[in-house]
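Hello,

Here is the structure I promised to pass on. My notes follow below it.

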Amino acid sequence: MPTLRHAAALLPAFLLPAVSRAADVSAVSPEWQPLAFSVFAAIILATIYVTYVAAKRVRSASDFYTAGGGISGLQNGWAIAGDYLSAASFLGIAGLISLYGYDGFMYSVGFLVAYVTVLLLIAEPCRNIGKYTLSDILAYRNDPKLSRVFGAISVITVSTFYLTAQMVGGGVLVKTLIGIDYEVSVIAVGILMLAYVLFGGMVATTWVQIIKAVLLVIASLVIVMLVWTPYGFSLPAFMADVVGDAKVQARVATLLGDAAKTMTPAELGQRFLEPGLYYKVPIDQISLAMALVFGTAGLPHILMRFFTVRSAQQARKSVLWAMAIIGGFYVLTLFLGFGAAHLVGPASIAAVDAGGNMAGPLLAQFLGGGPNSFLGNFFLAFVSAVAFATIVAVVAGLVLASASAMAHDLYVGVVRAGHDVPASEQVSAARVATVIVGALAIAIGIAAKGQNVAVLVGLAFAVAASANFPCILLTLYWRRSNTGGMVAGMLVGTIVAVGLTLVSPNLTYPKAVRAAAHKVLDAAPAKRAAIDAVLAAPDAAPATVQKARKDAAALDKAVAKAEGDLKKVEGEETSFMGLEKPLIDLKNPGIISIPLGFLAVILGSLLTRDRRAESTWNEVYVRQNTGLLINTAAKH
Amino acid sequence: MKSTPTVDWDAVIADPRFQTLHRKKQAFLTGLMIFSVAYYFALPIGAAYFQDFFRIRVWGVLNVGLLFALSQFVVAWLLAFVYERRASGEFDALAAEVAAAHLKSGV
């Protein structure tokens, strides 16, 4: 299937879950795998125990969806961090920095800044007027049934994109780390996650996220301490060593190609700290930044976390804690990424996984004493287990958000609308929906094996920023906003974001792939001849010979890759969408789809009349600002 | 039977104390939001169009671009801190005052 099989290098690696180009070697060698499994088992047993304890507390729909509103701000802050720091961001960003330097770090900034929007505009009003889901907020002013249907569709769309990326990324990650089969690891992630959500609901999900976030921060802190201590905690001294590293300089030379020939080693190293090694199209960086900063405020599984606390003050506290933890973590990625580049080396990192996702785990192994030491493998196993817990925790949050949209919005709010649905039936509906979503997640994860699903995480952020964010923001803050606007915004935001991605350079275009492959193959004989000439020369200096041998190996690799690419697109002329070339150059649709989403809400609202939206404005506005009658929200 | 509290929403909107809260909050949030967006987008825009400036070395090998990226963390935390001060003090007190004045136990 030629669907989403596009060049992985086109997408920012921080949005990449472990990419499906991982080599067939696992990072942990076979004799150390029992150790890795023990560490995994210990962490999994701890989370199962938490679920067992939590299960006793889940009696009502409120317990199931929002832990009865009994989570504290501090706990929720850790849980938000646990929900947000997905394997993609935690492994991907360290990898991106280790392979591309500055560009990688630049985008880790967006993950924190996104929470300023959440803090200022979204968290407290949502807590004051919502109950369980995003649709509760929309349904307050807009037509309840339409709100629930459109809200649920959007939640399920965004969550499914995100979920698929996590499942596939998780499967590949576990396979790369400890060598168990892809299908087995997808099923393991699915069953564990189902156990947490099904029996423990939001209470267990929250605690799994907290445990995972704490472990992640501890692991990162230990690594950073080991990396940074030798420099007496001096940033310039540490960075000077990175810049002066021959492995880093060689990497920059490879990235720059011909342009590197006139540069000194010192200049090459310094270039690693300058922008432009990864992102080539300026407008793409800005588009991506927009999707990130506004999309976070529309991610259903993050919004849902604000319903687990008692008050707007606690919601505020949650975001402040989350910002401290998430920001602190992303500052640490500076050391994880640059440390891995300096100590392990970009070439060795890319050899295990071309996307760089193994940078963090490999750095841990190196710091512990290398691939043949107990401590090295213990560190690696620990980081791997944290990565595994990360996937399970993020997936659990996503499944809970989707299940709540299905059970609370679609079943209770639409199918059984007007009936007084008893609490026991609501909980059963939630559990049935969880099983359906969980089974789907496992099925999609297995079906998408080998597909590059990186585009889906970017798409989840783009849809959240273009559809959910404008609808929520304007419902909360704009008097004229109404049902017509909400429907228009949801439709336009989702369709434009998905549509633009389908015609973007993210998909595979067989003709372009073929042309690129032919170019490599056509140039190969001349290059080969040049290398052979050097090797054949009787008086060649040893350094020259060595360089020629290296070039020969690189050439072999490039030729093999080009031949592989040709085979993959054999007999195909157009992309999945039937296009010969992309219609737009943008890889992330945000810069077009976000303004269009806002425009749609505004025009839709101005062109239609909706008495209910007008008459409820005063109530919504007072409620969101004061938190009056907070627990009687969403009765509509 | 438990009595359900009720609120006359229109009366709250008309209350001068609520209007003060609304006015102050709106001005404050708009200002912070504009500053946050402007400061953040200066990073991708600078990295794309002002590379020569980002390249200037300032502190050892650390250049303007890297220090500016690091400053984003500090600025985001500062914005959060500034908001927290004002919201937990002035805004919460005003909101509580309005809430107390308008919350009636109904039938």
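In what order do the elements of chain B run from the N terminus on? They run β-α-α-α-β-β-α-β. Helices (H or I, at least four residues) and strands (E, at least two) are DSSP runs, numbered from the N terminus.

This is a predicted model: local features need pLDDT of at least 70, side-chain atom pairs count only at pLDDT 80 or more, and totals for chains, interfaces and linings use all residues. Residues are numbered from 1 along each chain as its sequence is written, and chains are lettered from A and ligands numbered from 1 in the order in which they are written.

Chain B first. The C-alpha trace spans about 70 × 25 × 20 Å along its principal axes.

Now the interface. In chain B, 48 residues are in contact (C-beta atoms, placed from the backbone, within 7 Å) with 40 residues of chain A. On that side of chain B, α4(B) gives the most, with 17 residues.

Last, helix α3 of chain A, residues 73-84. Ten of its twelve residues are buried, meaning that 20 or more other C-beta atoms, placed from the backbone, lie within 10 Å of their own. Among them are Trp78(A), Ile80(A) and Tyr84(A). The buried residues pack against α8, α13, α14 and α17 of chain A.

Best wishes

How values were computed:
Expected span 1.5 Å × (residues − 1). Contact = placed C-beta atoms within 7 Å.
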